Amino acid sequence: MVAAAPRRGFAGRVLMRRPWLARLIVITALFALWEIAARGFVDPLFLSPPSQVIASLDSVFGTRGVPAALQLTLFELTVAFVLAVAIGLVLGLAIGLQPLVRRSFFPIVLLLYGMPQVTILPLFILFFGIGAASKIAFGVTHGMFPVTVTVVAGVQNLKPILLIGARSMGASRWQIFRYVIFPHMVPSFFAGMRLGMSGVLLGVLLAELYVSIAGIGYFTTLFTQNFDPTKLLGLIGVLAVMAIVLNAVVRRAEAHFARWRTE
Amino acid sequence: MVTAETAIKVRGVSHQFGVEGDRRFVRALADTSLDIARGELLCLIGPSGCGKSTLLNIIGGLMEPSSGIVEVRGQHVRGPLPADIAFVFQENSLFPWNTVIENIELGMIFQGVAKSERTARAAEALEAVGLKDFAQHYPSQLSGGMRQRAALARALSLQTPILLMDEPFGALDEQTRMILGEDLSVLLARSRKTIVFVTHSLGEAVFLADRVAVFSARPGRIKQVIAVDEPHPRKPEFVTSAKFTSLRNELYGLLHDEIRKAVQQSAAAGTAPAALGRA
Amino acid sequence: MVGKTGERPSRDALASRLIQACFLVSLVVVWYLAATRWGVNRLLLPNPLAVYDNLLDILQSGEFIDDLNTTLGELAVAFAISVTCGLTLGYLISRSSYWIEVFDPLFAAIYSIPIILFLPLFVLFFGLGPPSKIALGASISFFPIVINTIAGFGHVDRLLVMAARSMGASNYHLFHHVLLPAALPVILTGLRMGFTTALLSIIGSETLASLAGLGHRIVHLAEAMEMARMFAYIVFVVAIAVTLNTIVSTLEARGRRN
């Protein structure tokens, strides 16, 4: 916090002004460590170096069924996200706009949000089968509650003076919703969408990994049983990149719609 | 200056928060009567928590009095009268997600003003408060003084005959306050609006008001009304005149004991005085 | 806004409690009717009374103890690891605003990846037993703890630090009387979040790939199609999770007050 500044050489000064460069160095160092460990110290049955993982990415995509499984997962994520946001928003507005409804049902929503939903994952598979439906459903139940919770909070923590001001200028109930409550809610709604995306990713991937006879779960199980860390790491890496990209998209949207919050 | 015509008539208004016997029960305002003439600028001044903001909200129809009635231009006030009354609040009441110009237009949207007229009136109001170059800024990009100018522009653009201002400069520093006061005096002299202006500042009251109503400590009632006989717009030199000083001293004399009483009250109740008056 | 409030708040609270109770009761009634009258397949939805009987049986026989021990043991080790690493690293990084800027975005970025993806990897490394669950739980719960520790220590009001320094506080005094109390609420929140995520990911990883533990038991019963007993275990696990989370939240609230 209180940074002492001793004399530094040229490299030190360059780094001081560019934290991102230092971040890059840290990341590179971690990969280097991984590379060295995999080449020199760890049994290749368990760990392969990152260079090899990247070099053999095409063999992962070349494995029969992997591209289709990845495509299906992306489809599930998208559908689950759209549904989670829509349901979460409607639920949030229904609960948040009415004080009595909010006091009655918000605690229930919070309780459900806090519950380890993974305990009912087997039920989802039994109900909806091993196909896309169960994964989408599980993604939706993970993603909708954060959206609901942030929408309720967003509707709620409006400064009273803004409502009083609108009322004093003769705003109708609809106008108050349209011009005051709704725009106030938008940034928290987008924050909710970000959390919703994390939830959807968790839910869909949990379900994908759980079902070991089809989809992503089949291949992770297969690669694990074959002691093929190269392909396993490649597949995981592709999925992680997918998650990062989806998160980044939602983050961008959030930053865009919360421009006025530059206080 | 003061014409015979009455714009606002306050009759026997009192107000209390909570229910008698309750721990948080507060008698804020006691049996207040007041006539405010058309075109007059009346300042309400008094110790914290004396109910002056409460009275303002009651006049504007934002609160219902526990008893008594208020008439604005002959009609009994039962709720907000957006066609007759515009507000400027102490707190930043601009919508943070709208730019300055959007904020000003929104009030007119609420009242169904046509688009072309909105644009013209908003531009005019911005010009009047000297914010022409900040139309596209968001409130968070403005200083406190500029925000209050924008809030004033919003109120002016509504073209109401009456303006209610609740310590509009209360949160600003002394210098910003002084400049805004001078500008306001010029602006209002031109507009001929009826204005009720709540303030803490003795100097501000004397500088702006035709009459100053001094409130007693809680439960607030009007202790005395002092006339400030000086033409509008007030010149900056007025502040250094003997008349200004003697009026200011008179107000100080009237207020000093009340403020002491109010501070003792709130110390006894163990609460911050400011928290009670406004809701 | 402005209201004439009297005894209304308590009446409202009562009304909302009533609505909650009605809602929950009607949920169970609908479940019962669906299972008994409306002909929903018993393999999908067991009778709630059967679930209740099974729950009683589980509790009385004590057959849950082994699985509970496995799960709680994994949780304890995983949480201990993530707390130790998270607090230490977080504190060290928070000592310099430069390191905060280097590491904070890095942790936040990794945290946004669903780390559950690495479970297959951990299974490959450590096998199906507890170590892979511990590895996953520790690596997931590490992030909220380290991020909050950095936030807590790293953003102490400079004015407080300067005030303490001006009164001649030593480094130890500064840490004990200024930094720690100022950072504690944020750190406690991180610990609570870490605990919740650790619990979640351990039950999750037991569900996905394991040989023992509560999550494994539920999957086992699902595969055997013993629905009533499975529902009973779900209720049991949810109750345990809610209890643990409530305890941790209470501890957090208490820690904030002191």
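**Figure 1. Glu124(B) sits in helix 3 of chain B, which covers residues 115–129.** This close-up, like the others here, comes from a predicted model. Glu124(B) has 14 C-beta neighbours inside 10 Å, so it counts as partly exposed.

**Figure 2. Strand 7 of chain B, residues 162–166, is largely enclosed by the rest of the structure.** Five of its five residues are buried. On one side you will find Ile162(B), Leu164(B) and Asp166(B), and on the other Leu163(B) and Met165(B); both faces of the strand are covered.

**Figure 3. Strand 7 of chain B pairs in the parallel sense with strand 6 of chain B and runs parallel to strand 8 of chain B.** Four bridges link strand 7 to strand 6 (residues 85–88), where Val88(B) stands opposite Met165(B). Five bridges join strand 7 to strand 8 (residues 194–199), and here Leu164(B) faces Val196(B). To get from strand 7 to strand 8, the chain passes through helix 5 (residues 174–191), making a right-handed β-α-β crossover.

**Figure 4. Chain B as the setting for these views has eight helices and 10 strands.** Its radius of gyration is 19 Å, close to the 19 Å that the globule rule gives for 279 residues, so chain B is as compact as a globular protein of that length. The C-alpha trace spans about 55 × 45 × 40 Å along its principal axes. Of the 279 residues, 46% count as buried.

Technical notes: Residues numbered from 1 in each chain as written. Chains lettered and ligands numbered in written order. Predicted model: local features only at pLDDT ≥ 70, side-chain atom pairs only at ≥ 80, totals over all residues. Helix = DSSP H or I, 4+ residues; strand = E, 2+ residues; numbered from the N terminus. Buried ≥ 20, exposed ≤ 12 C-beta atoms within 10 Å, placed from the backbone. Rg over C-alpha atoms; globule rule 2.2 N^0.38 Å. Pairing = 2+ DSSP bridges. Right-handed = clockwise from strand over helix to strand, strands pointing away.
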